[in-house]
Amino acid sequence: MSFTAATEYACAAVKHDLDLPAPFSALDTAAYREHGPDYAVRWAEKTFEKLAE
């Protein structure tokens, strides 16, 4: 699954209360619940940096 397709699927999963696909499932953790949006933003930045490599 491409990153774009996974993003669309992840949005639909959140909307319909389904399991998140990888790599978005990484946000369904205690770390995200404890650290909130700042954690999610940094995670997204690191993910996009890896895609650029």
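1. A residue is called buried here when its relative accessible area is under 20%, and by that criterion 19% of the 53 residues of the chain count as buried. The model under discussion is a predicted one, and the values in this note should be read with that in mind.

2. As to the overall layout, the chain contains two helices and zero strands, and its C-alpha trace spans about 30 × 30 × 10 Å along the principal axes. Among the contacts in the chain with a separation of 6 or more, 10% are made by residues 24 or more positions apart.

3. Helix H2, which covers residues 30-52, deserves a careful look, since a straight helix of 23 residues would span 33 Å at 1.5 Å a residue, whereas H2 spans only 28 Å between its end C-alpha atoms. Within H2 there is a kink of about 120° at Gly36, shortly before the proline Pro37.

4. The largest pocket has a volume of about 290 Å³ and is lined by 13 residues, with Ala10, Val14, Leu20, Phe24 and Leu27 lying nearest its centre. Helix H1, residues 3-15, gives the most to this lining, contributing five residues.

How values were computed:
Residues numbered from 1 in each chain as written. Predicted model: local features only at pLDDT ≥ 70, side-chain atom pairs only at ≥ 80, totals over all residues. Heavy atoms only, no water. 1 Å grid on protein atoms, 1.4 Å probe; cavity = no way out; pocket = protein on both sides within 12 Å on 5 of 7 lines; lining within 4 Å. Points joined across faces, edges and corners; volume = space filled by probe spheres on them. Helix = DSSP H or I, 4+ residues; strand = E, 2+ residues; numbered from the N terminus. Expected span 1.5 Å × (residues − 1). Bend = angle between axes of the 7 residues up to and from the residue. Buried < 20%, exposed > 50% of the residue type's maximum accessible area, 1.4 Å probe, protein only. Contact = heavy atoms within 4.5 Å.
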